[in-house]
Amino acid sequence: MAGMRARRQVADEALVRTLFEEHGKAMLAYATRLLGDRAAAEDVVQEALVRAWRNPDSLTNGKGSVRGWLLTVVRNLVIDRVRARNSRPAEVAESPTTGPVSPDHSGHVVDSVVVRSALDGLSPEHREVLEQVYLQGHTVPEAARRLGIPAGTVKSRTHYGLRALREAFGGRQPVGAA
């Protein structure tokens with residue numbers, strides 16, 4: 001019984017070796033084309049050969065060609081890899097020089113809260129001009145038209161409103177400011 005098992009193992013190993021010699025290049029080319037990554041393609045080919053070794057009867061069942069079966073296994077393995085990769089978040093290298101995957105927006109949140117609080121401390125006239133010019137992005141003439149005041153008044157209120165904000169910040173700039 002042990003001798004028979006050993007012969008079967010040798011025959012299976014010879015089968016896998018033959019499969020690789022006859023179909024390995026085609027399998028590797030196909031996997032590389034699908035994945036775009038030679039190292040990953042080599043892993044897929046190796047796994048396909050392991051599956052052929054584990055299921056030698058699938059190769060000789062008379063349904064289609066051996067190469068067709070092997071290429072189908074390669075395609076299925078590639079699909080499994082892609083699905084697995086897409087179902088997990090992107091991996092990040094653990095390195096102090098590597099930046100975060102997504103930028104930390106907490107500084108901007110704090111800045112907006114601080115700026116909003118400082119704006120609330122301004123007179124309504126100064127606040128509405130600064131909101132029009134800086135938060136809404138309107139030009140001085142547009143802000144003047146929207147507020148129903150002269151452009152010179154918009155410029156003056158902008159100047160004094162910014163000065164009041166600077167004083168509210170004690171001369172320091174918010175975290176995100178340049």
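The exercises below go through a predicted model of one chain, each with a worked solution.

Residues are numbered from 1 along each chain as its sequence is written, and side-chain values use heavy atoms, with hydrogens and water left out. In this predicted model, local features need pLDDT of at least 70 and side-chain atom pairs count only at pLDDT 80 or more, while totals for chains, interfaces and linings use all residues.

**Exercise 1. The whole chain**

State how many helices and strands the chain has, and what percentage of its residues count as buried.

Solution. 
- Step 1. Helices (H or I, at least four residues) and strands (E, at least two) are DSSP runs, numbered from the N terminus. The chain has eight helices and zero strands, and its pattern along the sequence is α-α-α-α-α-α-α-α.
- Step 2. Buried means under 20% relative accessible area, exposed over 50%, and partly exposed in between (1.4 Å probe, protein chains only). Of the 178 residues, 23% are buried.
- Step 3. Accessible areas come from the Shrake-Rupley method with a 1.4 Å probe, and for residues only the protein chains shown count as cover. The chain exposes about 12,600 Å², of which carbon and sulfur atoms supply 54%.
- Step 4. A contact means heavy atoms within 4.5 Å. Among contacts between residues at least 6 apart in sequence, 60% join residues at least 24 apart.

**Exercise 2. Helix α2**

Describe the span of helix α2, the residue that caps its N-terminal end, and its buried residues.

Solution. 
- Step 1. Helix α2 covers residues 38-54, which is 17 residues. The expected span of a helix is 1.5 Å times one less than its number of residues. From first C-alpha to last, α2 reaches 24 Å, close to the expected 24 Å.
- Step 2. The N-terminal end of α2 is capped by Asp-37, with a side-chain oxygen 3.2 Å from the backbone nitrogen of Ala-39.
- Step 3. Buried in α2 are Ala-40, Ala-41, Val-44, Val-45, Ala-48, Leu-49 and Ala-52.

**Exercise 3. Salt bridges**

Find the salt bridges in the structure and say where their residues lie.

Solution. 
- Step 1. A salt bridge is a side-chain nitrogen of Lys or Arg within 4 Å of a carboxyl oxygen of Asp or Glu. The structure holds three.
- Step 2. One joins Glu-42 and Arg-38 at 3.1 Å, N to O. These residues are four apart in helix α2, so about one helical turn separates them. Glu-42 is partly exposed, at 38% relative accessibility.
- Step 3. Another joins Glu-47 and Arg-51 at 3.2 Å, N to O. Here too the residues are four apart in helix α2, so about one helical turn lies between them. Glu-47 is partly exposed at 29%, and Arg-51 is partly exposed at 32%.
- Step 4. Arg-81 and Asp-43 form a salt bridge with their closest N and O atoms 3.8 Å apart. Arg-81 lies in helix α4 (residues 66-87) and Asp-43 in helix α2, so this pair ties together parts that are 38 residues apart in sequence. Arg-81 is partly exposed at 34%, as is Asp-43 at 40%.

**Exercise 4. The nonpolar core**

Which residues of the largest nonpolar core touch the most other members?

Solution. 
- Step 1. A nonpolar core is a set of buried Ala, Val, Leu, Ile, Met, Phe, Trp, Tyr and Cys residues joined through side-chain atoms within 4.5 Å.
- Step 2. The largest such core has 19 residues, and Met-27, Val-44 and Val-74 touch the most other members. Helices α1 (2-35), α2 and α4 each supply at least two residues of this core.

Note on methods:
Polar contact = N/O pair within 3.5 Å; in protein donor to acceptor, adjacent residues only side chain to side chain.
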